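This report describes the chain shown below, from its overall make-up to selected local contacts.

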Amino acid sequence: MTIRVLIADDQQLVRTGFQMILDAQQDMEVVATAANGAEAVEQARRLRPDVCLLDIRMPRLDGLEATRILAGPGVPDPLRVVIVTTFDLDEYVYGALRAGATGFLLKDSGPALLIEAIRAAAAGDALVSPSVTVRLLEHLAPPRVGATRSPSEPLTERELDVVRRVARGRTNQEVAAELFVSLSTVKTHLGSIQVKLGARNRVEIAAWAWESGVVS
């Protein structure tokens, strides 16, 4: 199956570079590029790409608002958004995650991580990289006990073990190895955690963990 991608960035050099990288992949096709957020939203709604690759700072409509429009809470059929930004814009990235983005990476992360992030998003997962996610969530989500949403049911001790590892960027395979359980068991725990937290993906699980003080 070919992953259809939309690229939105106000720098033509970035758009061209990303398109060259993605078009070289046998399982990817860039269906549109946009130079501003408003154009990105219009093309995304019209073309319904599998993944939208959005910059944060763009004219007319920034990446945060574009993400909220395309993937935010209450959107009936949300698109999958991956944010590409720089670390010094970390507060905007955190806002984008809360607005519904399924993943993010730094512009200097390299082609391999870019491709991995897009494939993860297309599969309904999120790229959770220790070098990116943990640093951002650690800086931007200090414990605010009482200020975060409470689970619909208390998480079990084993579910909390899984949450802590997800928040620190572990993959499912790494979680399984560290907890000495099967991969299917980890996936079962993640499904239960998402239901209890009302989280759509592992990025939201990680954000909740940092905000609530489950990890520090």
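## Overall composition

The model is predicted. The protein chain contains 10 helices and 5 strands. Of its 216 residues, 50% count as buried. Among contacts in the chain with a separation of 6 or more, 68% are accounted for by residues 24 or more positions apart. The count of salt bridges comes to 10, and some of them are described below.

Side chains of opposite charge can pair when their charged atoms come close. Lysine 107 is found in the loop between E5 and H5. Aspartate 9 forms a salt bridge with lysine 107, and the closest N and O atoms of the pair are 3.1 Å apart. This pair links distant parts of the chain, 98 residues apart: aspartate 9 lies in the loop between strand E1 (3–8) and helix H1 (12–23), and lysine 107 in the loop between strand E5 (103–106) and helix H5 (111–122). The side chains of lysine 107 and aspartate 9 are also joined by a polar contact of 3.1 Å.

Lysine 107 forms a salt bridge with aspartate 55 as well, with the closest N and O atoms 3.5 Å apart. Aspartate 55 belongs to strand E3 (residues 51–55) and lysine 107 to the loop between E5 and H5, so this pair ties together parts that are 52 residues apart in sequence. Lysine 107 counts as partly exposed because its relative accessibility is 25%, and the partly exposed class begins where the buried class, under 20%, ends.

Not counting residues up to four places away in sequence, lysine 107 touches Asp9, Gln11, Val14, Asp55, Val84 and Thr85. Lysine 107 and threonine 86 are 21 residues apart in sequence, and their C-alpha atoms are 6.0 Å apart in space.

Asparagine 36 lies in the loop between strand E2 (28–34) and helix H2 (37–47). Its relative accessible area is 10%, so asparagine 36 is buried.

Which backbone atoms does the side chain of asparagine 36 approach? The side chain of asparagine 36 reaches the backbone nitrogen of alanine 38 at 3.1 Å. With residues up to four places away in sequence left out, asparagine 36 touches Met58, Pro59 and Arg60.

## Helix H7 against helix H9

The axes of helix H7 (residues 157–167) and helix H9 (residues 183–197) come within 10 Å and cross at roughly 90°. H7 is therefore roughly perpendicular to H9. In this contact, Arg158, Glu159, Val162, Val163 and Val166 of H7 meet His189, Leu190, Ser192, Ile193 and Lys196 of H9. By class, the residues of the contact divide into 5 nonpolar, 2 polar and 3 charged.

The side chains of glutamate 159 and lysine 196 meet at 2.9 Å, N to O. Glutamate 159 is in helix H7 and lysine 196 in helix H9, and this pair links parts of the chain that are 37 residues apart. Both glutamate 159 and lysine 196 are buried. Elsewhere in the chain, salt bridges that share partners join Asp9, Asp55 and Lys107 into one network.

## Helix H8 against helix H9

Helix H9 also makes a contact with helix H8 (residues 172–179). The axes of H8 and H9 come within 9 Å and cross at roughly 110°. Angles of 65 to 115 degrees count as roughly perpendicular, so H8 is roughly perpendicular to H9.

The contact is made by Asn172, Gln173, Val175 and Ala176 of H8 together with Leu183, Val186, Lys187 and Leu190 of H9. Its residues comprise 5 nonpolar, 2 polar and 1 charged. Leu190 of H9 is named in the contact with H8 and also in the contact with H7.

Definitions and conventions
Residues numbered from 1 in each chain as written. Predicted model: local features only at pLDDT ≥ 70, side-chain atom pairs only at ≥ 80, totals over all residues. Heavy atoms only, no water. Helix = DSSP H or I, 4+ residues; strand = E, 2+ residues; numbered from the N terminus. Buried < 20%, exposed > 50% of the residue type's maximum accessible area, 1.4 Å probe, protein only. Polar contact = N/O pair within 3.5 Å; in protein donor to acceptor, adjacent residues only side chain to side chain. Contact = heavy atoms within 4.5 Å. Axes fitted to C-alpha atoms, helices over the stretch in contact; angles between N-to-C directions. Parallel < 35°, antiparallel > 145°, perpendicular 65-115°, else oblique. Nonpolar A, V, L, I, M, F, W, Y, C, P; charged D, E, K, R; others polar. Salt bridge = Lys/Arg side-chain N within 4 Å of Asp/Glu carboxyl O.
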